[in-house]
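Welcome, and please get your viewer ready. We will go from one selection to the next and look at what is there.

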Amino acid sequence: MASKRGLSGSGIHRNRGGGCGSRLRIAFFIFFSVLAPLIFFVGRGLYTSTSIDQSNTRVISNKGDLDWREQLALHHVKSLLSKEVIDVITASRADLGPLSLDSFRKNNLSASWKVIGVETMVKNTTTSELQKTETVAKQGAPRDKVDDVSDNSSQFLYTPAKLARRRLKEKMREKRASDLVRQDNEAILKLENSAIERTKSVDTAVLGKYSIWRKENENENSDATVRLMRDQMIMARVYISIAKMKDKLDLHRELQIRLKESQRALGEATADSDLHHSAPEKIKAMGQVLSKAREPLYDCKLITGKLRAMLQTADEQVRSLKKQSTFLSQLAAKTVPNGIHCLSMRLTIEYYLLPPEKRNFPRSENLENPDLYHYALFSDNVLAASVVVNSTIMNAKDPSKHVFHLVTDKLNFGAMNMWFLLNPPGKATIHVENVDEFKWLNSSYCPVLRQLESAAMKEYYFKANHPTSLSSGSSNLKYRNPKYLSMLNHLRFYLPQVYPKLDKILFLDDDIVVQKDLTGLWSVNLNGKVNGAVETCGESFHRFDKYLNFTNPHIARNFDPNACGWAYGMNIFDLKEWKKRDITGIYHKWQNMNEDRVLWKLGTLPPGLITFYGLTHPLEKSWHVLGLGYNPSGDRSEIENAAVIHYNGNMKPWLEIAMTKYRSYWTKYIKYDHPYLRSCNLNE
């Protein structure tokens, strides 16, 4: 160990003044002139041999594998170094470099054997190969980390195969990242395109000012000021309530004053252009007082509670208004406009002033001719009946073959006759009858008449304290329509009795318009069925279970709840088959069973579905298009291509509540320049 101490830095310092100084200086010179180059060459050779094939590493004592220069150097060094040092140098072949720090530490050698920069040198030999994998190596992924061969193996050394795999993995990650970015960009582009397409389909007449995709709407919304004022007023109401609660009377008074001023400035305005010129000043004043009230009054919990209460109150008001709207629309549907009532009265007066011989229609011989096209029309509305007749005649190929059988009530009998005497339907035949003159139609024969005369039905319709509004729980207000009291509505079940000499007849409601020639309906093969009608079960709510009470065993036992419903309004009836199957008797049977309205509510469609169950032939849908009295989104092309359009629903075309977009189909068959129409202020 003397040689080690002599070579250490500390030992030299301690023996600098000793007698052996000259020998130590010679040893020091030999160390730096011979040993350092030797260590470099030996380490380089061993390192190269290790990097080529670690599995074939051998001990340095195998002199046959060394260069002759290395053998000569070892021969001279052996005389200077101890065997322990030589063994350390030999063992260092399995370490990072020519001399490993770990080897020195494990063998408890002096720190003077430490060779600085060895680790850096090893790293530099692989820097160019590791640059692309540096990030992955730092992350320390289990599958990407370099395997440690042993405690003395280099953790920075990579084989060419591992480097190739790492390059491949890196390329795959880059490709995957680019694919994800591309997919995200494509998804965003699709969302933008779909949003643009949806915006184009919006009815800009109603919602256009809120469309952010349209260039003409890049400016500020036309109602932004109105909405700002409303928001301010809502907040003012909240602060007023809190100010009163916290006894801030000055703020309470000031907020009330500003609120009233804003209400007057806003008025009924729905757009900024409708606002009073003082609105900007009121907004500014309200903003100032709201800012002033914010600090002493703002309480998140209180404001949340007040806003929730206001929302609930507004919701209740909306529900109440909806009920009132429904009630008023039902009421409007029941009423007769003043103009039509005026027309009926004037025509009635003129009719009864006519001599009896001038009250008859021509071509009465056609009324029972089965070879002609016969129509049944039951109505108490003169103007509506005139549109049905006029539209049918104007679209008929040969009007002379068409015969119209009109039935009305006693009140409108004179007016209906007078109108068609003044306005004859060209070459067509027309005849008007009074339902009250049908002596066979009495309560002993007709169950519905007997039911209408019963005390229970009178109470249902006429009792003063009977609930008549939806708010009182009368959810079936529409079934209390007075038309259900009229036999004109139920006469459709007695067609063979009214027209005993006819074989086929086309039934028309008075709220329809004919747009095409209807003669093709008489040649439709009904395949032994009685009724030809257009089915309405395209939607689930137009099936039997909508109209009938399937909790009743009589209904549940005899009918299918999913059976397809059909429409009254344009029906071709085979009266021969009707008589053969006793359709009127079937109707009487079910009407008697519905004495207490337990099978269906009032109306004629439910008993019609029951009576003609299994006896209805479906017609092509283009013959009859419905919904113009309740459906604002009807298909325009279907309406225009239909043979008959039907204003079923509350919004009849002669009422003010009619839908404007459909009204022109009806009004074009009325001559508003007629003197009677002008005198009664009937106009488009």
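## A tour of salt bridges and a helix pair

At 23% relative accessibility, Asp-179 counts as partly exposed. Keep in mind that this is a predicted model. Lys-175 is exposed, with a relative accessible area of 54%.

Next, select Arg-319 and Asp-315, a salt bridge whose closest N and O atoms are 2.4 Å apart. These two are also four residues apart, in helix α15 (residues 300-334), so about one helical turn separates them. Arg-319 is partly exposed at 43% relative accessibility, and Asp-315 is partly exposed at 37%.

Now go to Asp-511 and Lys-652, whose side chains meet at 2.6 Å, N to O. Asp-511 is buried at 6% relative accessibility, and Lys-652 is buried at 15%.

For a network of salt bridges, pick Glu-577, Lys-580 and Arg-581. The structure holds 12 salt bridges.

Finally, show helices α17 (residues 382-394) and α18 (residues 413-422). Their axes are 10 Å apart, at an angle of about 40°, and the helices are therefore oblique to each other. The crossing is right-handed. Select Val-382, Ala-385, Ser-386 and Val-389 in α17, which meet Ala-415, Met-416, Trp-419 and Phe-420 in α18. By class, this contact has seven nonpolar, one polar and no charged residues.

Technical notes:
Residues numbered from 1 in each chain as written. Predicted model: local features only at pLDDT ≥ 70, side-chain atom pairs only at ≥ 80, totals over all residues. Heavy atoms only, no water. Axes fitted to C-alpha atoms, helices over the stretch in contact; angles between N-to-C directions. Parallel < 35°, antiparallel > 145°, perpendicular 65-115°, else oblique. Left-handed = near helix turned anticlockwise from the far one by under 90°. Contact = heavy atoms within 4.5 Å. Nonpolar A, V, L, I, M, F, W, Y, C, P; charged D, E, K, R; others polar. Salt bridge = Lys/Arg side-chain N within 4 Å of Asp/Glu carboxyl O. Buried < 20%, exposed > 50% of the residue type's maximum accessible area, 1.4 Å probe, protein only.
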